[in-house]
Amino acid sequence: MTKKLIPLIAANWKMHGDMSWAQKPVELDAAFPIAEREHLELLICPPFPLLPALHVVAGPLNIRVGAQNCHSEIKGAHTGEVSAELLADAGADYVIVGHSERRASGETDQNVHDKAVAANRADLIPIICVGESLEQREAGDAIKVVADQLNKSVPDIEDYVIAYEPIWAIGTGKIPTMDDISDMHHAIRKRVGQDIRILYGGSVKPGNASEILAVPNVNGALIGGASLEMDSLAAIAKAAS
Ligand code: PGA
């Protein structure tokens with residue numbers, strides 16, 4: 001029996017939007033009103049400058065905000081970086097760490113581990129991303145690769161979320177079979193225990209969300225492209241609730 005965890009629908013806006021997007025939660029709430037969202041957690045992760053303004057609008061609508069990255073240290077000479085503490089101060093509850101787009105530009109499992117520790121230190125919940133490449137999937141190594149990422153990038157903390165995102169499914173319109181998602185999430189569940197939410201990410205759309213979110217051990221989704229339109233984000237969230 002798998003435990004019933006409150007689903008988390010997380011929007012990863014990546015490098016999209018402008019300051020007017022701070023009002024997007026109003027649109028999202030119109031498409032999926034707060035009264036209908038009791039058994040669901042909604043989260044938007046915008047680019048850094050949007051965080052405080054988005055938080056002001058999203059908070060009263062029971063929509064949480066998070067960041068897409070943080071630094072591992074509290075402060076210091078780290079030009080261009082942002083601490084987890086400052087993100088919390090700006091209104092964030094979550095921070096995505098180790099997204100494959102960041103791993104691709106050099107972030108290591110150890111970096112991801114240290115960022116998750118920093119998030120925890122700042123009372124943020126890290127969403128720790130893992131996932132295999134197409135080459136690794138085709139070689140039959142997907143579960144082994146993800147197990148290795150989990151071992152190296154998940155620190156010994158209580159509260160975190162895992163996002164399983166096959167790299168080849170991100171932004172491509174391709175998704176694994178439901179059996180493959182089920183096998184991977186089952187393997188992750190064995191490693192993280194019953195209390196941790198495991199999200200699926202990679203080309204989640206309104207048309208495939210119900211099917212994906214019904215797979216055992218899928219406790220929500222991390223959504224890129226389809227999260228930029230509030231109607232489609234609402235449709236995916238409805239499929240989770
Ligand atoms: P996608 O991105 O939904 O556009 O595939 C997912 C992600 O990168 O988190």
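At what angle do the axes of helix α1 (residues 24-31) and helix α10 (residues 230-240) cross? They cross at roughly 50° and come within 9 Å, with axes being lines fitted to C-alpha atoms over the stretch in contact and angles running from 0 to 180 degrees between N-to-C directions. Helices here are DSSP runs (H or I, at least four residues), numbered from the N terminus. α1 and α10 are therefore oblique to each other; angles under 35 degrees count as roughly parallel, over 145 as roughly antiparallel, 65 to 115 as roughly perpendicular and the rest as oblique. The α1/α10 crossing is right-handed, that is, the near helix is turned clockwise from the far one by less than a right angle.

This is a predicted model, in which local features need pLDDT of at least 70 and side-chain atom pairs count only at pLDDT 80 or more, while totals for chains, interfaces and linings use all residues. Residues are numbered from 1 along each chain as its sequence is written, and side-chain values use heavy atoms, without hydrogens and water.

Now for the ligand. A side-chain N or O atom of E165 sits 2.6 Å from a ligand oxygen, and a backbone N or O atom of S203 lies 2.8 Å from a ligand oxygen.

Definitions and conventions
Polar contact = N/O pair within 3.5 Å; in protein donor to acceptor, adjacent residues only side chain to side chain. Helix = DSSP H or I, 4+ residues; strand = E, 2+ residues; numbered from the N terminus.
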